[in-house]
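Q: Hi! I'm new to this one, could you walk me through it in plain words?
A: Happy to, let's have a look together.

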Amino acid sequence: MSVPSIEAVNLSKRYGSFSALSNLNLKIEGSKCVGFLGPNGAGKTTTLKLFTDMIRATEGKALINGVSVHENKKKALAPVGSLIESPEIYPALTPREALSMVAEIRGMPRSERKRKIEKVVAEVKMEEWLDKKVGKFSKGMKQRINISAALLSEPEILLLDEPSTGLDPRGMSEVREIVKSLKQKNRLIFMSSHLLNEVSDICDEVAMIDHGKLLVYDKLSNVVSRFSGADGGAIIIDVGLSREIDDQTVSGTISSFPGVVSAEKLEGKNLRLHFSGGIENQEKLLSDLVMMKIGLISFHPSSSALEDTYLNLIKATL
Ligand SMILES: Nc1ncnc2c1ncn2[C@@H]1O[C@H](COP(=O)(O)OP(=O)(O)OP(=O)(O)O)[C@@H](O)[C@H]1O
Ligand SMILES: [Mg+2]
């Protein structure tokens, strides 16, 4: 059996003089789940749209299993299921009816439709809702039906653009569990996300992009160990204040607290501290900040090594 792969070769997309994606070279091969991380406007959706021929590349190629998406769309996209910009399902339809329409549009033989629809709806754990009207569904349930539509052709490659974005915490966790369960032998999943905890929970590898440029692509564990110690093992602590703080207090008093490597003002009334001082100093730092009466309202040490890595990398490209 062949190994599924997607590959971008010098893939670029410009809108006028604006570069939405710049010379992306990325080859993902094998049965795995790869998280595609990047802030708003980084170029994630652009990349996924290029891989599904929804938009044309300005330069370069997108290849699926070695076949050019642009030159041979039908063949290239045959093994692909995608969910990009979740469509609204007509509320008066049931999942069975909506998926029948999708199957028909895709030219699936009538004799196969019933069995395949029931199978994909079971894969997203919506069997009980197969014949109920979509209008009554939560956003998370609708998104699971959208995912089931991407599964109809039994794809070995799944391209998902932020599948859990816009859902409430329960919906997010439901969709996350579904994506996890879709990881299987001989399936490659490439999934964009803003959510670091989601990617570290589901994915085996991470590609990070910002300003249309690939920053890193590697195994999750390698990315974390390669970059998280970039500034002496410092973690990032985001501090929220209820009022403005003057520069001198930040660069003087706060920067000199034990363990604080650097302190900077962010937009609004937020501070970002690079901190490398262990849990006791962290406790002391929090109480020192409270004592300063600067209107402290939040104190967020970054939750994971991946988050540190991400923030460090993104900062480096600003
Ligand atoms: N049709 C278009 N015309 C002009 N600029 C565009 C167009 N589509 C996208 N862009 C720009 O290209 C950049 C990359 O957009 P893209 O949608 O790929 O980002 P993204 O990483 O998916 O962001 P988000 O996390 O917000 O979904 C953005 O700056 C966006 O404004
Ligand atoms: Mg996007």
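**A chat about the model**

Q: Let's start with a loop: where is His 211 found?
A: His 211 sits in the loop between strands β9 (205-210) and β10 (213-219). Helices (H or I, at least four residues) and strands (E, at least two) are DSSP runs, numbered from the N terminus.

Q: What about the phi of His 211?
A: Phi of His 211 is near 45°, a positive value in a residue other than glycine. Lys 125 also has a positive phi, of about 55°, although it is not a glycine. Lys 125 lies in the loop between α4 (110-123) and α5.

Q: Why does His 211 count as partly exposed?
A: Because its relative accessibility is 48%. Buried means under 20% relative accessible area, exposed over 50%, and partly exposed in between (1.4 Å probe, protein chains only).

Q: Before we go on, what kind of model is this, and how are things numbered?
A: This is a predicted model, in which local features need pLDDT of at least 70 and side-chain atom pairs count only at pLDDT 80 or more, while totals for chains, interfaces and linings use all residues. Residues are numbered from 1 along each chain as its sequence is written, chains are lettered from A and ligands numbered from 1 in the order in which they are written, and side-chain values use heavy atoms, with hydrogens and water left out.

Q: Thanks! How many helices and strands does the protein have?
A: The secondary structure comes to 11 helices and 14 strands. The C-alpha trace spans about 75 × 45 × 40 Å along its principal axes. Of the 318 residues, 48% count as buried.

Q: Which domains is the protein divided into?
A: There is domain 1 (5-220) and domain 2 (235-316); the bounds come from an automatic or database domain assignment. Their centres, taken over C-alpha atoms, are separated by 37 Å. The contact takes 12 residues from domain 1 and six residues from domain 2, where contact means heavy atoms within 4.5 Å.

Q: Now the inside. Which residues touch the most other members of the largest nonpolar core?
A: Ile 147 and Met 208 do, in a core of 48 residues. A nonpolar core is a set of buried Ala, Val, Leu, Ile, Met, Phe, Trp, Tyr and Cys residues joined through side-chain atoms within 4.5 Å. Helix α5 (residues 139-151) gives the largest share of this core, six residues. The core draws at least three residues from each of domain 1 (5-220) and domain 2 (235-316).

Q: What is Ile 147 in contact with?
A: Leaving aside its neighbours within four places in sequence, Ile 147 is in contact with Leu 83, Val 124, Val 175, Ile 178 and Leu 182. There is also a second, separate core of 28 residues, which includes Leu 21, Val 34, Phe 190 and Ile 209.

Q: Switching topic: which residues come nearest to ligand 1?
A: Of the 13 residues around it, Asn 40, Gly 41, Lys 44, Thr 45 and Thr 46 come nearest. A residue is near a molecule or strand if one of its heavy atoms lies within 4 Å of it. Helix α1 provides the largest share of the shell around ligand 1, three residues.

Q: Which polar side-chain atoms lie by an oxygen atom of ligand 1?
A: One belongs to His 194, 2.9 Å from an oxygen atom of ligand 1. Another belongs to Glu 162, at 3.3 Å from an oxygen atom of the ligand. Taken alone, ligand 1 exposes 630 Å², and the protein buries 61% of that. Such accessible areas come from the Shrake-Rupley method with a 1.4 Å probe; for residues, only the protein chains shown count as cover.

Definitions and conventions: Polar contact = N/O pair within 3.5 Å; in protein donor to acceptor, adjacent residues only side chain to side chain.
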